[in-house]
Amino acid sequence: MGSTAVEQDGLVIPIINFSDFLAGSPESKAATAKAILTAFQTSGFLYLSHTPIPPDLLTSVFVNSASFFDHGEDFKRKYLWTTPDANRGYSAPGREKVTQLTKPDEVESLREKVPDLKESFEIGREDEPGHPNRWPELAGFREVMTEFHRRCHELNVEVMRAIAVGMGLGEGFFDGFVDRGDNTLRLLHYPAVGKERFVDARPVEGTVVVNAGDLLARWANDGVKSTIHRVVEPPPPKEEGESEEVKEYPARYSVAYFCNPNFDSFIEAIPGTYGGEKGEKKYEGIYSGEYLVQRLSATY
């Protein structure tokens, strides 16, 4: 059904063949769902192989992303990110600061001291009232990203079905929470940086890296893990005769797809994740959109 992509310092991140859930026997489907849930409960991460996303579409996404970021600042700033409610457009290097802090003054102080060097471009669903996407004037960009957003949403629905099966909730439990696709496609460009590392979760060709985010952990009453993580750069190729020590990692492009429950969905502890030996509900219920705006307001 799968193998291990990472096994280091007690952290195990499996590679799971998702076709076993999408088109396998009932027994294979149940086993795959259980493996996905177990990965989220232990490391908070997994790699999915054999997803329905076409490789040529993924290649086009990276080509178009690089094309956008390779333009000058004057061009990119025509599409600047505006508000947490919209969460669309271009964010210049240093604009965002990812942190566990929540107080705006503390975030701003940290941003000034240690700014995030990445730049990004956010894309939401096309038909959200009042929040149009900020499409750059690049041939084919809109068509490629719209199709990729649609395909990722379809994968999101299936992953949530797998989680539901793994939790014994019935396959369609989450369908009404995720059918709208209130998700964000995020294109990222990281400049060259000095050498640092956490546990390495290196790219595996033909796979999608999936992690359980903060809201899913809250939804599951902390029954799954939202693991702190960051993007690191792969070492540059060394020329013959060069030192083995790597002092700088090259620039990198990456693509993330942030999956959210429908913004008007009320999120509270899932049945079966609290009561008895599992204890009480740890969090008050909250609307998905409200939660996202709170988090974005603390980040930007």
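This is a predicted model: local features need pLDDT of at least 70, side-chain atom pairs count only at pLDDT 80 or more; totals for chains, interfaces and linings use all residues.
Residues are numbered from 1 along each chain as its sequence is written, and side-chain values use heavy atoms, with hydrogens and water left out.

Trainee: How many disulfides does the count come to?

Mentor: A disulfide is a pair of cysteine sulfur atoms within 2.5 Å. Take Cys152: the nearest cysteine sulfur, that of Cys259, is 7.6 Å away. Cys259 is in no disulfide either. By this rule, the count is zero.

Trainee: Is Cys152 buried or exposed?

Mentor: Buried means under 20% relative accessible area, exposed means over 50%, and partly exposed is in between (1.4 Å probe, protein chains only). Cys152 has 6% relative accessibility, so Cys152 counts as buried.

Trainee: And what about Cys259, with a relative accessible area of 41%?

Mentor: Go back to those cut-offs: partly exposed lies between buried and exposed. At 41%, Cys259 is partly exposed.

Trainee: Where is Ala251 found?

Mentor: Helices (H or I, at least four residues) and strands (E, at least two) are DSSP runs, numbered from the N terminus. Strand S9 covers 248-249 and strand S10 covers 252-258. Ala251 sits in the loop between strand S9 and strand S10.

Trainee: How many Å apart in space are Ala251 and Tyr190, C-alpha to C-alpha?

Mentor: In sequence, Ala251 and Tyr190 are 61 residues apart. In space, C-alpha to C-alpha, the distance between Ala251 and Tyr190 is 5.4 Å.
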